[in-house]
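Reader: I am new to reading structures. Can we go through the labels and see where each one comes from?

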Amino acid sequence: MTAAGRWTVTLLPAGLALGLLLLVLAPLATVAVRGSGMGLGPADWAAIRFTVLQAVLSALLSTVLAVPVARALARRRFPGRGLMITLMGAPFLLPAVVAALGLLAVFGRAGMLNMGLQSVGLPPVSIYGLHGVLLAHVFLNLPLATRMILQGWLSIPAERIRLAQSLGFGPAQTFRHLEVPMLREVLPGVALVILVICLTSFAVVLILGGGPRATTIELAIYQAVRFDFDLARAAGLAGVQVLICALATGLAFLVAAPAGFGTGLDRQAALEAPRGWRRGLDAAVLVLATLFLVAPLVAVALRGLPGLTDLPSAVLPAAGRSIAVALVSALVTTATALTLALSAARRPAPLVEAAATLPLATSGLVLGTGLFLIVRPFVSPMQVALPVTVLVNVALTVPFLYRILLPEARALAADYGRLADSLGLHGWPRLRWLILPRLARPLGFGAGIAAALSMGDLGVITLFAGERQATLPLVVQQLTGAYRIEAAASASLILVVLSFALFWAFDAGGRRAAP
C-alpha cells in the first residue's frame, strides 16, 4: 500500500474522529469552566424540574400509547398498511417548529377544536403550558416509538409463535407468554430514547411553553444568552443539561431485561389476529392514530396554501440559506460518517466509536452556547452564524449516519475487502468502483436524513443569527411569535416541502445509483 493509501486508511479517520471530539469537547469544556461555581436560583431549579417532568411524562405517554398502535400493525394485514408504516417514519424528519404550528392550527385558540367547542357553547381550551408541550412531544415521538416497538413484535421467533398456536393459546395467554416478555425488553429502550429527545427539545417549548412555569433548561439557556446576556448562567445551565442527559443514557443499562426467547431460524410468522371486539379495537386505534398524525399537517397545508402568493419578504432568502446549510451539512456529515464507518469496519477503533457516540450526550443549544463563548472574543457571533450551524448539525447527525453505515461497511469489508486488497484496489479507485456503488443506497438514505434534519433545525441558529442570517425555521418561529399564523403556516408549508424534497432527492439518488 502506498503512503497515500496508508494515510487514507489510518490517519484520515483518526483526524476526523479527533476533530469531531474536539468539536464536542471544546464547547463542553468552555461551558464547564464558565459555569463553574455558579449558583442556581429558584427559576433555574424550576426549569430543571420542568425539564425532567415533561421529558418523563412525554416518554411515558408516547411509549404507552404506541403499544396498541404497534400491536395492531403487527397482527393485522390490510390495504395501505405499508403506507401507514411509512407514515410512522415521517415525523422524524418533520421540523419541530412545523409540528408545533400544526398543533396550534388544530388545538390553538383559533384552531379547529376550539372552533368546534365554541359552536356548541363550550369554553375553549388552551394548548400552552405543560399539556401543550406533552401533546407536541407525543405527536413527534409516537410514530418513532411505534416503529421501534413494531420491530420488537416482528423479532419474536416464528418457532415460539407456532408453539403457542399448537398449544391453543388464546389472545390473553399469547400476550402473557410472548408479548409481555418482548415488551419488557423493548419498552425501556424506547422510553429512554424518547426521554433523551424530550430532554433536549427546544422548538416545541419555545412555541408552546407557558411562561416561567413551563420553561425548560434549553429555553432558559436561550433566554440567558439572547435577552439577559448572562453567559455564566447559560454555561451553568448547559452543564446541568449535559449531566442530566448523561444520567438518562446510563439509566438504560439498569432497566432493560432480556426477553429470554433464545434464538430462532430467522423466519417470520405473524401473530394470529383475534376476531370479534378486538378487531374493532385495533381498527379504532389505527384510525385514531392516523387522524392524530395527519390532522395537524392537513391544517398547516390548508392555512398555508392561500398565503403562498403573498409571502413575507424574509421567507425566500431564509429558505435559500436553509437549503445551503442543509446541503453543506449533508455533504460533510456523509463524508465524515462514511470515513469513520469504513475505518471501524476494518478493525476495532475505540477513538472512532467515542467520536460517534459522544454527541448523543449533548444538544445543539449546549454546543451552541459553548461555541458562542469561544468565538465571541474574536468575532461577532452573527458573522459566523451559518458556519457554526453547519458544524453543530454535523456533530449531532454523524452518530445517526454512522449507525446506518456501519453494518453495511462491515458486510462490504467481509465480502469484498480481501479481493480488493489482492487486486491492489486502494484510495480513490476503491472508493469509486467498490465503496460508493455498494453503499449507494444507505449513503443516499443517510444523506437525506442529514439534509432534512439540518433543514428543519431550530437550535443554535437562535443564539447566533441576526436578521440577515435567519434560516427558514427561525423565520417561522418569529412569525408565530408575532401571531402572524397564516404567514407562518405558508412558510411552514415551504419548509416541509423542501425538507421532504431534499430527503427524497438524496434517497432516490442512492437507490438509482445502487447496482
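This is a predicted model: local features need pLDDT of at least 70, side-chain atom pairs count only at pLDDT 80 or more; totals for chains, interfaces and linings use all residues.

Reader: What makes up the secondary structure of the protein chain?

Author: The chain has 22 helices and zero strands. Of its 515 residues, 50% count as buried. Take contacts between residues at least 6 apart in sequence: 85% of them join residues at least 24 apart.

Reader: Why is glutamate 218 called buried?

Author: Its relative accessibility is 2%. Buried means under 20%. The value falls under that cut-off, so glutamate 218 counts as buried. The residue is found in helix H11, residues 217–226.

Reader: What is glutamate 218 in contact with, leaving aside neighbours within four places in sequence?

Author: Its contacts are Leu199, Thr200, Ser201, Phe202, Gln241, Ser363, Leu365 and Val366.

Reader: Why is serine 126 called partly exposed?

Author: Its relative accessible area is 39%. Buried needs under 20%, exposed needs over 50%, and partly exposed is in between. Serine 126 lies in the loop between helix H6 (112–119) and H7. Its C-alpha atom is 10.0 Å from that of leucine 208, and the two residues are 82 apart along the chain.

Reader: Why are H5 and H21 called roughly parallel?

Author: Look at the angle. The axes of helix H5 (residues 96–107) and helix H21 (residues 472–481) cross at roughly 30 degrees and come within 10 Å. Angles under 35 degrees count as roughly parallel. H5 and H21 are therefore roughly parallel to each other. Their crossing is left-handed.

Reader: Which residues make that contact?

Author: H5 gives Val97, Leu101 and Leu104, while H21 gives Pro473, Val476, Gln477 and Thr480. By class, there are five nonpolar, two polar and no charged residues.

Reader: How do you know that H21 is largely enclosed by the rest of the structure?

Author: Count its buried residues. Eight of the ten are buried, so H21 is largely enclosed. The buried ones are Leu472, Pro473, Leu474, Val475, Val476, Gln477, Leu479 and Thr480.

Reader: What covers the buried residues of H21?

Author: The cover includes H5, helix H10 (203–208), helix H14 (315–346), helix H19 (440–455), helix H20 (461–464) and helix H22 (485–513). After H21 comes tyrosine 483, with a positive phi near 60 degrees.

Reader: Which residues touch the most other members of the largest nonpolar core?

Author: Ile149 and Phe464 do, in a core of 143 residues. Helix H17 (residues 385–422) gives this core its largest share, 13 residues.

Reader: What does isoleucine 149 touch, not counting residues up to four places away in sequence?

Author: Isoleucine 149 touches Thr63, Ala66, Val67, Ala70, Leu183, Val186, Leu187 and Val190.

Key:
Residues are numbered from 1 along each chain as its sequence is written. Side-chain values use heavy atoms; hydrogens and water are left out. Axes are lines fitted to C-alpha atoms, for helices over the stretch in contact, and angles run from 0 to 180 degrees between N-to-C directions. Helices (H or I, at least four residues) and strands (E, at least two) are DSSP runs, numbered from the N terminus. Angles under 35 degrees count as roughly parallel, over 145 as roughly antiparallel, 65 to 115 as roughly perpendicular and the rest as oblique. A crossing is left-handed if the near helix is turned anticlockwise from the far one by less than a right angle, and right-handed if clockwise. Contact means heavy atoms within 4.5 Å. Ala, Val, Leu, Ile, Met, Phe, Trp, Tyr, Cys and Pro count as nonpolar, Asp, Glu, Lys and Arg as charged, and the others, Gly among them, as polar. A nonpolar core is a set of buried Ala, Val, Leu, Ile, Met, Phe, Trp, Tyr and Cys residues joined through side-chain atoms within 4.5 Å. Buried means under 20% relative accessible area, exposed over 50%, partly exposed in between (1.4 Å probe, protein chains only).
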